[in-house]
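Here is a brief report on selected helices and a chain contact. Please read it alongside the model.

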Amino acid sequence: MASIVFAIMFYLATLLFVVGLLYRINTYARTPAPLKIPTTPAPTTTGGVVMRMTREVVFFESLFKSNLWIWGLGMMFHASLALVLMRHLRYFTEPVWGWVALIQPFGMYAGITMLLGLCGLWGRRFFVERIRYISTPSDHLMLLLLIGIAASGLMMKFVVHTDVIAVKGYFLGLMHFNIQALPADLLLLVHLSLVMSLLVVFPFSKLLHAPGVFFSPTRNQKDNPREQRHLSAWAKKLESEKN
Amino acid sequence: MADIVAPAYRTFPIIPALKPGAMEGKGPYVANEKLNEALGFPGQLVEDWHDRAIAKMGELLSKYRSLRVFMDACVHCGACTDKCHYFIGTQDPKNMPVARQDLMRSVYRRYFTLPGKLFPKLVGARDLTREVLDEWYNYYNQCSECRRCSVFCPYGIDTAEITMAAREILDSIGYGQKYSNEIIGKVHRIGNNLGLPGPALIDTLEGLEEDVKDATGVDVRFPIDVKGAEVLLVTPSADFFAEPHIDSLIGYAKVFHATGTSWTLSSMASEAGNFGMFIGNYDQLRKIALRIREAALELGVKRIVVGECGHAWRVAYSFWNTLSGVGGGAGEVDRFAQMLQKQLDHRYKQPTHICEFTWDMIERNALTFDKSANDKHIITFHDSCNVARGSSMGNLPGGQFEIPRNIIKAVANNFVEMAPNTTREQTFCCGGGGGLLTDDLLDVRVKGALPRMEVLQQVVDEHGVNFMATICAICKAQFTKVMPIYGFDRRMVGGVHQLVSNAIQLGQK
């Protein structure tokens with residue numbers, strides 16, 4: 001029974017996640033940027049912008065300039081999360097890809113550093129006066145959700161094991177619309193429920209910072225306003241009326 | 001104004017503790033009916049302000065990707081919280097960039113997002129009440145749109161964009177700020193921000209010719225409305241009679257004279273400043289910019305050069321090509337822009353900053369200087385926010401930092417830098433930018449100058465600095481006003497071309 005309920009929920013959550021995210025990205029992409037507003041000094045070429053975005057997305061360059069504590073904790077969380085996600089690919093691939101097999105041990109410890117990073121970020125929301133002032137309940141809940149995911153995952157790895165072979169069978173089955181039995185372990189069900197919640201809230205919350213950063217005009221625009229005329233569709237209309 | 005005092009310097013540059021409500025209040029003077037209606041805004045706060053404000057917000061969200069993305073992307077990480085000069089100076093938490101943004105973001109969430117409609121408390125969403133609206137008016141008029149926060153935000157969120165949107169919404173419901181709207185009215189009515197009519201301007205320029213003749217014995221001209229001149233100089237109107245601005249105007253004229261450049265001012269475009277940007281109104285921004293296009297077409301000039309003015313240079317460099325076609329690279333079918341661009345000389349960047357012009361001439365060896373004329377000065381350079389973070393100069397990113405410094409070093413012997421986390425892209429606003437340069441905001445202006453004054457004091461103590469050069473009319477006006485409150489001599493501040501003017505040798509080449 002749980003297998004079927006979870007299967008339906010997973011399909012729905014994934015659908016919401018994908019459709020919601022595509023809808024948001026589409027909105028960002030279609031909204032015009034009428035003026036050139038890169039935060040300067042800014043690159044003047046497309047190659048330069050790609051480099052700037054890469055530094056921003058991979059190394060959090062601006063955050064590094066701003067505050068080493070936030071940068072360190074944020075980096076620890078995000079890099080760990082990336083490793084953990086890659087490690088989880090083993091549940092969705094058969095045979096497991098070589099590089100996924102290779103990073104398994106790192107991914108395991110990344111779960112721990114991810115949890116530490118999250119706890120550090122959460123601690124700041126209590127102990128730093130300025131951050132406490134700006135924090136909303138949802139900011140706390142979001143961290144709590146991620147901490148719950150990390151903690152339940154780690155518990156399964158280090159304390160109460162679950163039948164990972166069966167879990168893998170279940171997800172491979174899901175991917176082929178062939179629903180298998182899901183082990184009825186409490187920790188596993190908690191872990192999966194929290195992950196589904198994350199998928200659902202993603203397109204409606206501040207997690208939109210992930211796609212958002214790629215559309216940020218202060219970062220992704222070339223600084224060439226004198227060399228090339230930049231005109232949005234709605235601004236162009238003003239011109240034809242006059243001219 | 002006797003009760004306005006400078007805040008104490010921080011012994012260590014620590015992040016100040018919060019003082020909630022420290023800058024609560026009514027904000028600056030509200031624009032009256034006459035000022036608002038002259039710009040096509042409702043005369044006073046309209047009856048149905050709530051619905052119209054939300055509708056306007058929806059419109060802006062669909063027109064500006066910046067606003068759309070910035071409303072969603074913030075994660076409340078706190079990276080920006082200690083970066084605003086107004087927060088540092090006032091300690092009011094609502095002057096933290098993220099909190100300033102949240103004044104609008106909370107309303108965005110309530111009306112434009114599902115979680116905010118369903119669970120407002122959970123996500124910090126708020127109804128747009130009269131209290132919230134007044135809070136907008138107060139705190140969005142305590143932002144100088146200097147973009148310092150945008151340097152540090154991991155998503156590049158620029159509070160200036162949000163402040164502009166907020167002011168645009170407020171104007172659209174008849175709740176605009178007096179100072180900015182009055183000035184925009186003057187530009188349209190008289191031709192410049194200071195309301196200096198054509199005849200008075202011509203008089204002033206003739207007086208200047210006499211002054212320079214008396215001081216140097218050389219006939220340096222200050223031409224106006226000369227058809228067929230090569231260069232059209234567009235400069236902030238403060239340059240025509242405010243101190244110390246006027247000394248830089250004399251500097252530009254001497255550079256043109258010494259290099260044999262034929263140039264002219266324009267009575268139609270006797271203002272480089274564009275307060276349309278401050279109130280975030282594209283129509284105003286465009287209308288004010290179009291004056292320069294018209295003047296350039298009418299006078300038939302080949303080059304357009306912009307004087308020392310921070311936000312004017314941002315508008316000129318980043319927006320003029322978009323707004324009015326003053327620039328290069330318009331498509332073949334773009335008749336509107338081509339009409340002007342065909343006339344301009346594209347061996348030079350269009351528009352050109354006066355510092356680019358002067359530095360180019362120095363590199364070509366077309367100018368001679370007696371550097372010792374500036375020996376009485378130990379000079380530091382204050383990067384103006386709009387130049388530093390909203391524009392560039394020359395061919396390489398960062399030219400906006402190097403070129404003014406290169407000029408100073410070419411015309412003077414003593415140059416010292418201020419603390420590196422307060423210069424270049426991390427420079428602090430003077431405290432008077434973005435439409436805040438009005439006496440009814442003097443308190444916030446004085447407090448906002450604190451971080452700059454602290455590091456200036458440092459170089460004064462350590463190196464005996466006695467001159468802070470800058471290339472912005474607002475910086476110059478703001479510093480001459482607030483520096484005495486911090487115990488500095490107001491004559492310590494001046495333009496880069498003031499130093500050029502001191503050292504330039506006329507009639508040598």
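Axes here are lines fitted to C-alpha atoms, for helices over the stretch in contact, and angles run from 0 to 180 degrees between N-to-C directions. The model is predicted. In chain B, helix H17 (residues 354–363) and helix H19 (residues 399–411) have axes that come within 9 Å and cross at roughly 50°. Angles from 65 to 115 degrees count as roughly perpendicular and those under 35 as roughly parallel. H17(B) and H19(B) are therefore oblique to each other. The crossing is left-handed.

H17(B) contributes B:Cys355, B:Glu356, B:Thr358, B:Trp359 and B:Ile362 to the contact. From H19(B) come B:Ile403, B:Pro404, B:Asn406, B:Ile407 and B:Ala410. By class, this contact has seven nonpolar, two polar and one charged residues.

## Helix H14

Helix H14 of chain B covers residues 282–299, 18 residues in total. Its first and last C-alpha atoms are 26 Å apart, close to the 26 Å expected at 1.5 Å a residue. B:Gly300 follows H14(B), with a positive phi near 70°.

Which residues of H14(B) are buried? They are B:Tyr282, B:Gln284, B:Leu285, B:Ile288, B:Ala289, B:Arg291, B:Ile292, B:Arg293, B:Ala295, B:Ala296 and B:Leu299. Their cover includes helices H11 (178–189), H15 (310–324) and H16 (335–341) of chain B. Strands S1 (231–234), S2 (263–264) and S3 (303–306) of chain B are also included.

## Contact between chains

Chain B puts 66 residues into the contact, and chain A puts in 60 residues. On the chain B side, helix H3 (residues 65–73) gives the most, with six residues. That side has 29 nonpolar, 22 polar and 15 charged residues.

Key. Residues are numbered from 1 along each chain as its sequence is written. Chains are lettered from A and ligands numbered from 1 in the order in which they are written. This is a predicted model: local features need pLDDT of at least 70, side-chain atom pairs count only at pLDDT 80 or more; totals for chains, interfaces and linings use all residues. Helices (H or I, at least four residues) and strands (E, at least two) are DSSP runs, numbered from the N terminus. The expected span of a helix is 1.5 Å times one less than its number of residues. A residue is buried if 20 or more other C-beta atoms lie within 10 Å of its own, exposed if 12 or fewer, and partly exposed in between; C-beta atoms are placed from the backbone. Two residues are in contact if their C-beta atoms, placed from the backbone, lie within 7 Å. Ala, Val, Leu, Ile, Met, Phe, Trp, Tyr, Cys and Pro count as nonpolar, Asp, Glu, Lys and Arg as charged, and the others, Gly among them, as polar. Angles under 35 degrees count as roughly parallel, over 145 as roughly antiparallel, 65 to 115 as roughly perpendicular and the rest as oblique. A crossing is left-handed if the near helix is turned anticlockwise from the far one by less than a right angle, and right-handed if clockwise.
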